[in-house]
Amino acid sequence: MHIPDTLNWIPAPPAAQCQETPSFLKRAGTDKLREVFLKYASLQRDEEQYMTSEDFVRRFLGLFSEAAFNDDSVRLLAGIADTSKDGLISFSEFQAFEGLLCTPDALYRTAFQLFDRQGNGNVSYADFADVVQKTELHSKIPFSLDGPFIKRYFGDKKQRLINYAEFTQLLHDFHEEHAMEAFRSKDPAGTGFISPLDFQDIIVKVKRHLLTPDVKDNLVAVTEGHKVSFPYFIAFTSLLNNMELIKQVYLQATQGNRSEPVTKDQLLYAAQTMSQITPLEIDILFQLTGTVQQTGRIDYSDLSNIAPEHYTKHITHRLAEIKAVESPADRSAFIQVLESSYRFTLGSFAGAVGATVVYPIDLVKTRMQNQRAGSYIGEVAYRNSWDCFKKVIRHEGALGLYRGLLPQLMGVAPEKAIKLTVNDLVRDKLSDKRGNIPVWSEILAGGCAGASQVVFTNPLEIVKIRLQVAGEIASGNKIRAWSVVRELGLFGLYKGARACLLRDVPFSAIYFPTYAHTKAMMADKNGYNHPLTLLAAGAIAGVPAASLVTPADVIKTRLQVVARSGQTTYTGVWDATKKIMAEEGPRAFWKGTAARVFRSSPQFGVTLVTYELMQRLFYVDFGGTQPRGSESHKPANTLESAGSGTQDHIGGYKAAVPLLAGVESKFGLYLPRFGRGAATATPGATTGS
């Protein structure tokens, strides 16, 4: 089998231009792609392997897994890759379609190949009619395939061929025309009005791909029982089509703030610069959100609730996905405990990762802060942080940089886990039903998180510090964690706890609100945060938080480290503050600031990005809030619900199932799922069970 020359119109972009983003995917290697192909190809002819329609759609893509699947639908979808239209897919065709999936307009090109039934790079009237007549929409509300709309595109005799560029406009206009034809069918007398139930029926059938649960459930309520006029109907469908534009109008009105509520007048004023949005559409928008919130104001979350989900959100695969409750109303006390346990577990792992990455910096910071001036001559061992780093490696080896890591990891698990869990928990309790939270509540949530960790982490912090400075003492006795615990006793393990509170409460009160707002500022126009923006937001938020609480950290370190012979001893926070000021001056309170910032900033950046990415990968819906900036995951009745990506979906095929779902959800081209045996087999194809 060979691919016909007519396929040359499909531009396969160079691999260098295919980047790993929701829209552009990196091409898979030929050898790996061939390995995947041979795994699913079940037919051999002339020493060549081929995929059948079922091999490609049902086995490889994982779609139409029902026993009573619809043969026609499977063959239509397989025909997208089967450019020779002989019912079989060769490796060349398999690879060519993978390249197409990497193109920036892959959604439209995939739809075009669905309609290009002859594989000649054009869509004829017969091709278009054949596919349209097989869709669920046409079976419910038949479209006139002999009307003026069709003749305007295909000519009076319907013999004109449509190329790819023209097809994209045809597909866009088709559903708008279908909606108007449906309105006319419900208004045979030409009054210009239809009933609320007829309005609901049309929208559910024709605009099904644009409906979220909030919109679908309020289609009759939004009419307030009145008849629906044709202008209202057109404005309503236009609003559904233009929700992404509405979001941009909102962001213009709020100067990029996604949590600021706006009034109808504010949104109307911002919409004046965008002529596509009419006052009637704004009225309908507030009617839709008003049936749910009834506040007279809307924010970005309201728009997200009524905006159709974009198919590209499904390209990022999750390793696990669990739905613990059907709706937020089902959240019991037990479910909330499970949610906190889930966050605690992820926070423990994220904290361990963050601490390990920056531990050498932490050790240098501790030694610099413990270095005292004025007690006796020759005590200053390190000129600066870099000098300390070099001397540790020279005298103690590279592993010396990780002295005390084990108790640190033991402490980091409860510390970061409790801090992240309590912050999330308090934010949830102080947020309104839209998920918005005032700044004072963010500060309070952060402060509570900082306070909660001290009771668990102070003992491990003091052991860690004593082990970190142990390498400075020339002694034959090796200091171990357990010997430090026995020496200190229970109450001794909480030495410096007040200083810990003095440090950790303001740190978290500064850090978490700063992180939340920085993350929001760095999100894309859809509110989504790429992992790199999460890392950057976490690192940026750590700079003011770590630097401003350094004096408290210095006092805590002095209280927790054993004073050597001749060194000043301290009895408490206030005593340490007075003696450090008197003996070393105010600059002593800022010792190790640079090392602390360089440790805390990247540590919290790594910790937060790990924490949020794990919530994306191991997704559990407890009916509560998810981290803002994560992929939204709304239930969708599309091909996506029937198949999911596997490890064999490599390169462009990572987008195959989401793109096919997008063909349905963006263009409304839903294909029937059931009805096995409804059509005869395509020549050359085989059918499996």
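The model is predicted: local features need pLDDT of at least 70, side-chain atom pairs count only at pLDDT 80 or more, and totals for chains, interfaces and linings use all residues. Residues are numbered from 1 along each chain as its sequence is written, and side-chain values use heavy atoms, with hydrogens and water left out.

**The chain overall**
- The protein chain has 27 helices and seven strands. Both are DSSP runs numbered from the N terminus: helices are H or I with at least four residues, strands are E with at least two.
- Of the 689 residues in the protein chain, 52% are buried. Buried means under 20% relative accessible area, exposed over 50%, and partly exposed in between (1.4 Å probe, protein chains only).
- Contact means heavy atoms within 4.5 Å. Among contacts between residues at least 6 apart in sequence, 74% join residues at least 24 apart.
- The protein chain exposes about 30,800 Å², and carbon and sulfur atoms supply 58% of that area. Accessible areas come from the Shrake-Rupley method with a 1.4 Å probe; for residues, only the protein chains shown count as cover.

**Nonpolar cores**
- A nonpolar core is a set of buried Ala, Val, Leu, Ile, Met, Phe, Trp, Tyr and Cys residues joined through side-chain atoms within 4.5 Å.
- The largest nonpolar core has 60 residues. Phe-56, Phe-94 and Phe-115 touch the most other members.
- A second, separate core holds 42 residues, including Ile-202, Leu-267, Ala-270 and Ala-271.
- Beyond its neighbours within four places in sequence, Phe-56 contacts several residues, among them Met-51, Phe-94, Phe-97 and Tyr-653.

**An open sheet**
- Three strands form an open sheet in the order S1-S2-S3, with antiparallel pairing.
- S1 (43–45) and S3 (88–89) are the edge strands; each has a single partner strand, so one side of each lacks a neighbour in the sheet.
- S1 pairs with S2 (residues 48–52) over three bridges. Two strands pair if DSSP finds at least two bridges between them.
- Arg-45 stands opposite Glu-48 in S2.

**Annotated spans**
- An unreviewed UniProt entry places "domain: EF-hand" at residues 103–138 and 174–209. Such annotations may be inferred rather than shown by experiment.
- Residues 103–138 are 58% helix and 0% strand, with end C-alpha atoms 30 Å apart.
- Residues 174–209 are 67% helix and 6% strand, with end C-alpha atoms 14 Å apart.

**Glu-177**
- Glu-177 sits in helix H9 (residues 164–186). Glu-177 is buried, at 15% relative accessible area.
- Leaving aside neighbours within four places in sequence, Glu-177 contacts Phe-143, Phe-149, Arg-152 and Arg-184.
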